[in-house]
Every structure is written in C-alpha cells, then in structure tokens.
Amino acid sequence: MIWLLLLGSLAAILIAAEFFTNALEHLGERLGISEGVTGSLFAAVGTAMPETMVPVLALMAGTDDPALNQEIGVGAIFGAPLMLVTLVMSLTGVAVLRLRGLRGDITPEASGFRRDLTVFLVAFLLAGLALLIPPDWTYGGLARAIVAITLVFIYFLYVLTTLRSSAGLVEQGHATEAHHDMFLARLGLPTGLPVILLQLALGLGVLVAGAKGFIHVVHQLSDHLAISALLLSLLIIPVATELPENVNSVLWIRRRKDTLAMGNITGAMVFQGTTLPALGLLLTSWQPQPAVLAAYATTVAGALWLRLQASGRGLKVWHLGVSGLLYLAFLSMALSGLS
C-alpha cells in the first residue's frame, strides 16, 4: 500500500506538471511578459508548491511526533534546492544530449540566469551561516528571526528586479509564447483568463495533494525501513516533489525554450533558498547535523559551478552533467552513513 501511494503521488505530479506548464505559457502570452518572468517567477513558484508544502505541513500539521516533524521539515528544506541544482539540472541536460551533443549550447537569457544564481548563492550562504548560531545562546532566537526576515526581503527584491526587466526582454524577442492549445480548451471551454486560471488551480491542487500524501509515506517508510526521517526527507521527498520542475524544464528545453527551462529551475532555487530556510529558522532548531551539512555543501558547490560557467564562455550540456556527478557524490555520502 505504501508503494501504491508513492506511485500514485508521482503520477499525479506528472499530470499536474503538464497542465501547469500548458496554462502558464498561455498566461504569459496573454499578459505580454517575458519568458524570464514566466519561468523564474510564475512557473518556479507554482511548481515549487509541493516541496514548499511538505515542510509547511510537516512543521505545522504533520504527525503527532514533533521530533519527526522537524526531521521531515528540515530534510525537505535542504533537499529541495539540492535536487534542483544537481539532479534536475543534469536530467534537463540528458533530455537534449542526443539533440545537441555534450558540447551543445544551453542558451537561457544570460542576465536573468546569472541574476537567479547570484541571488540564490547570497541567500543560501546566509542561511548556512545561521546554522552556526548556538542553540543555547540567549539571543539565538532573535538572531534567527532577523536572518529569516532578511531572506524574505531578499526574495521580495528579487521579484521586483525580475519584473522590471520584463519589458526590455520582450522587446529583445524573449516574450512568452504558447505553441499548444489549452488542455481545458480541448474540452470546448474558451481560452480566456478564467479558464487559464482554472487550469492553473487544478494543477496546483493536485500538486499540494501529492505533497500531503508524501509526508505520510515518509513517516511509514521511516518505521518500515528503520531509516531516519531526516535522511529519507533529503533523498526521497525532493526527488518526487521536484518532478514538476524537471518535467516542465524537459518539456521546454526540448522545444528549445531554454530561458523558460532554466528559469523554471533557477527561479525555484531562489524561492526555495529564501522562503524555505526562513521557515526553518522560525520553526526548527536549525542545527548543523552531518546529513544537513553534506546536502548544504553539495548545493553550494553545484550553484557555484553553474554560476562560474554562466560568466565564462556559456553553458554547455556537459556542464549540466557535472551537476549530476555532484548528486551522485552526495548520494554516496548519504548512503555510506547508513552502513
């Protein structure tokens, strides 16, 4: 029954991702906004809902065990950006390996791609420094709250900057375009804003339902396999909840919509590198456990690697393959801790 629930959640996420990307393309086209805004803000925040809801629900309305809730919540918070910058990036590269080759170009709009990675690194490094705050320090709670507020403010500034850049990018030919009919329109409904919003809501609703189901799956698997909920949350929950970003980005990059594909990932990284650590700082003890530190270090290394390539001669397919090797290195470290 556990595995059926797991497979059911995965299927729901895949279907919801198709609905969501389809509706987003039509929304971006109707609003006349750039692919950068559609990918980095709309798609990123929307498809980040599952991994956002997992720690929120775990910490606020999870199981009857507070310690278990914290392990699931912290694991999901650190596991989400880890999976994006390593596994999701590499699978996106694999999707076009045959079409473009190892040395093929990945060409997202450069300024937005660099901005996303820079903001993520600044925010995530700040969240990492907060791990060093002593748990028994008198002003520790206040210090963590200040860092949390700062992280949310960073995301607010990022949203403003991304929106301001939209008009110029549209003029340069980076406007969002929809190349397929709305799914709901195929049922005879008009392709208007209400129907677009309805399809978006349906997609998000299924994603949130899948996230709630995964909390219970992890709880049961933790007892069944005698593995800590923290480790399972780092390895299993993010793989599943990042499927929307992965599927969306694969769909877009195979259609040569590199800005949408990469922005979907890097925009979600910014969202998860600011709002999720802010949540953890406010609702957990936020301590540097070995598994957490391994995930954190791998995430920072992956983001730095991509940022350096973005400042060089441009992103190549093989660069995304290196991101996959980083994930394998983390997986090896995590599994060695079980033996």
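Helices (H or I, at least four residues) and strands (E, at least two) are DSSP runs, numbered from the N terminus. By this definition the protein chain contains 15 helices and 2 strands.

The model described here is predicted, so local features need pLDDT of at least 70 and side-chain atom pairs count only at pLDDT 80 or more, while totals for chains, interfaces and linings use all residues. Residues are numbered from 1 along each chain as its sequence is written, and side-chain values use heavy atoms, with hydrogens and water left out.

## Confidence and overall composition

The predictor's confidence in each residue is expressed as pLDDT, from 0 to 100. For the protein chain the mean pLDDT is 80, and 76% of the residues reach 70 or more. Among the elements, H6 has the highest mean pLDDT (94), whereas helix H8 (residues 166–171) has the lowest (64). Where pLDDT is low, the predicted coordinates should not be read in detail.

A residue is called buried under 20% relative accessible area, exposed over 50%, and partly exposed in between (1.4 Å probe, protein chains only). Of the 339 residues in the protein chain, 55% are buried. Accessible areas come from the Shrake-Rupley method with a 1.4 Å probe; for residues, only the protein chains shown count as cover. The chain exposes about 14200 Å², and carbon and sulfur atoms supply 68% of this area.

Contact means heavy atoms within 4.5 Å. Among contacts with a separation of 6 or more, residues 24 or more positions apart account for 84%.

## The nonpolar core

A nonpolar core is a set of buried Ala, Val, Leu, Ile, Met, Phe, Trp, Tyr and Cys residues joined through side-chain atoms within 4.5 Å. The largest one has 73 residues, and the members that touch the most others are Phe-78, Ile-106, Met-262, Met-269 and Trp-286. Helix H13 (residues 258–283) gives the most to this core, namely 11 residues.

Trp-286 is found in the loop between H13 and H14 and counts as buried at 2% relative accessibility. Its phi is positive, about 55°, although Trp-286 is not a glycine. Arg-256 also has a positive phi, near 65°, and is a residue other than glycine. Arg-256 is placed in the loop between helix H12 (243–254) and H13, and its relative accessibility of 58% makes it exposed.

Phe-78 is also one of the residues touched by Thr-299; not counting residues up to four places away in sequence, the others are Pro-81, Leu-82, Val-85, Phe-120 and Phe-124. Thr-299 lies in helix H14 (residues 290–310) and is buried, with a relative accessible area of 0%.

Gln-70 belongs to helix H4 (residues 66–95) and is partly exposed, at 28% relative accessibility. Leaving aside neighbours within four places in sequence, Gln-70 is in contact with Leu-59, Leu-283, Thr-284 and Ser-285. Gln-70 and Gly-280 are 210 residues apart in sequence, yet their C-alpha atoms are 8.8 Å apart in space.

## Salt bridges

Side chains of opposite charge can pair when their charged atoms come close. A salt bridge is a side-chain nitrogen of Lys or Arg within 4 Å of a carboxyl oxygen of Asp or Glu. A search of the whole structure finds 2 salt bridges, which are listed below.

| Arg-100 | Asp-258 | 2.8 Å |

Lys-316 lies in strand E2 (residues 315–316) and Asp-105 in strand E1 (residues 105–106), so their pair ties together parts that are 211 residues apart in sequence. Lys-316 is partly exposed, with a relative accessible area of 21%, and Asp-105 is partly exposed at 41%.

## A nonpolar surface patch

Patches are made of residues with over 30% relative accessible area and no salt bridge: like charges are joined within 9 Å, and nonpolar side chains (Val, Leu, Ile, Met, Phe, Trp, Tyr) within 5 Å. Trp-137, Tyr-139, Leu-142 and Ile-146 make a nonpolar surface patch of about 450 Å². Trp-137 is found in the loop between helix H6 (110–129) and helix H7 (140–164), and is partly exposed, with a relative accessible area of 42%.
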